[in-house]
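Student: I have a structure to go through. Can we work through it by question and answer?

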Amino acid sequence: MAHVAEFDAKAAWDGGQSPFRVSYGKMMMWFFLVSDALTFGGLLVSYGFIRHKYAEVWPKAENVFTHFPFIEQHLPLAYVGLMTFILIMSSVTMVLAVEAGHRMDRRGVTVWMFWTIVGGAMFVGSQAWEWYHFIVGTHVGGPEGHGGAWRNVWDQAVNNGAGGYVKQVYHGATMAVNEYGVPQFANYFFFITGFHGFHVFSGVIINLTIFLNVLKGTYEKRGHYEMIEKVGLYWHFVDLVWVFVFTFFYLL
Amino acid sequence: MSEFHDDYPHYETMYNHDEAHGKKARRTLWNVFWIMLAITIFELIIGSMAPGHGWTGALWLKVLFIGLTVVKAAAIVLWFMHLGHEVKFFKYIILLPYITFILYAVFIILVEGVYSGYPRNVTRVDQIFIDQQKELKSGHHGGGDAHATEAAHSEEHH
């Protein structure tokens, strides 16, 4: 049962065994992750394209994401740093759960899975907080803010009462307009971090389901904890995507 | 192991190990974690102080950030996702198609992204956004208060 040294890669293709030396479920999880990674890759590539196009007027993340809970100070990127730390940490607890599963250590799996779920839930909550501040915006808003945007507003009083568009200071962000810069900035922020956040949310639900199975002793009865490894793959993938989102949205 | 009734290899249990091996595995995992944490902290410090001009906006720094990201990604895939421990052929089946597609996509955005930014390829709507943003930027550096600028803008409509 230990590490099978006598694996002959050539003979493996003659049938009777998996030439990849993995179970069907794990292989299919990998294939799913490749397709999902292509989706995220496509989104980030399209983000890169638009950012190239509006390179001169693209807002700087250090000027947009400056909030931190309970602290009034201007702390650029501190909060997203914390979020990243939480997600990497939960990735570590996940891999420790997988390791405990390899030793058939039910208690270890339970403990580490629990902390993984806590970390995931904290990350989703942090993202909600980040979105809230992004949408509400700053006191200053529009042009006096960080690059800013005007909103064209219909005003009856303009043009001797005939009406016309005037420009107004805008606070916060919607899909159509935001105070930080070109509309595409908020569009991509909402879409990509939202898509990733939804993956994290699904991951938490999946982890919770598997956690309940661990508590019930399903995998103890089954004789192996491979299911932990499979959900672990998904969870690490979510962390992997965040590493890229973090770089392309916040650092560059 | 009552589930298995055939002589097909039991891949599900193939990576099971004892406590001694587990201890070694855990040490490796924690080391990977510390390296990733150090990289992230380094990126954050540089990233948060970067106003985007001088050396902090330089191309080599961006390339460095992307390089460090790829290092972190490799650490996650090879150690946390155990791809480093899989059979060579399986590794290639996962990585090669993905890397091929992404390299092509990156190549195409670099080419097309630059091309679409040429003045003759910018649409009228694009130009409005760009002009508006530039105007606001120059207004910001001027330091005028919001209402004064607003009044100036509405006068244009009279």
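Student: Among contacts in chain A between residues at least 6 apart in sequence, what percentage join residues at least 24 apart?
Tutor: This is a predicted model, so contacts are computed from predicted coordinates. Take the contacts in chain A between residues at least 6 apart in sequence. The share joining residues at least 24 apart is 67%.

Student: In what order do the elements of chain A run?
Tutor: Chain A has seven helices and two strands. Read from the N terminus on, the order is α-α-α-α-β-β-α-α-α.

Student: How much of chain A is buried?
Tutor: Burial here needs 20 or more other C-beta atoms within 10 Å. Chain A has 252 residues. The buried part of them is 41%.

Student: Which residues of α5(A) make the contact with α1(A)?
Tutor: The crossing of the two helices is left-handed. From α1(A) come Leu43(A), Leu44(A), Tyr47(A) and Ile50(A). By class, the contact has eight nonpolar, one polar and no charged residues. The α5(A) side consists of Gln184(A), Tyr188(A), Phe191(A), Ile192(A) and Phe195(A).

Student: How close do the axes of α5(A) and α7(A) come?
Tutor: Helix α7 of chain A spans residues 226–251. Its axis crosses that of α5(A) at roughly 160°. That makes the two roughly antiparallel. The axes come within 10 Å.

Student: How many nonpolar residues are in the contact of α5(A) with α7(A)?
Tutor: This crossing is left-handed. The α5(A) residues include Phe189(A), His196(A), His199(A) and Gly203(A). They meet α7(A) residues, among them Trp235(A), Trp242(A) and Phe249(A). The contact has five polar residues, no charged ones, and a nonpolar count of 15.

Student: Why is α3(A) described as largely enclosed by the rest of the structure?
Tutor: Helix α3 of chain A runs over residues 78–102 and has 25 residues. From first C-alpha to last it reaches 36 Å, close to the 36 Å expected at 1.5 Å a residue. It is largely enclosed because, of its 25 residues, the number buried is 18.

Student: Which residue just after α3(A) takes a positive phi?
Tutor: Look just past the end of the helix. The phi there is about 55°. The residue is Met104(A).

Student: Is Phe20(A) buried or exposed?
Tutor: Phe20(A) lies in the segment before α1 of chain A. It has 20 C-beta neighbours inside 10 Å. Therefore Phe20(A) counts as buried.

Technical notes: Residues are numbered from 1 along each chain as its sequence is written. Chains are lettered from A and ligands numbered from 1 in the order in which they are written. This is a predicted model: local features need pLDDT of at least 70, side-chain atom pairs count only at pLDDT 80 or more; totals for chains, interfaces and linings use all residues. A crossing is left-handed if the near helix is turned anticlockwise from the far one by less than a right angle, and right-handed if clockwise. Helices (H or I, at least four residues) and strands (E, at least two) are DSSP runs, numbered from the N terminus. Two residues are in contact if their C-beta atoms, placed from the backbone, lie within 7 Å. Ala, Val, Leu, Ile, Met, Phe, Trp, Tyr, Cys and Pro count as nonpolar, Asp, Glu, Lys and Arg as charged, and the others, Gly among them, as polar. A residue is buried if 20 or more other C-beta atoms lie within 10 Å of its own, exposed if 12 or fewer, and partly exposed in between; C-beta atoms are placed from the backbone. The expected span of a helix is 1.5 Å times one less than its number of residues. Axes are lines fitted to C-alpha atoms, for helices over the stretch in contact, and angles run from 0 to 180 degrees between N-to-C directions. Angles under 35 degrees count as roughly parallel, over 145 as roughly antiparallel, 65 to 115 as roughly perpendicular and the rest as oblique.
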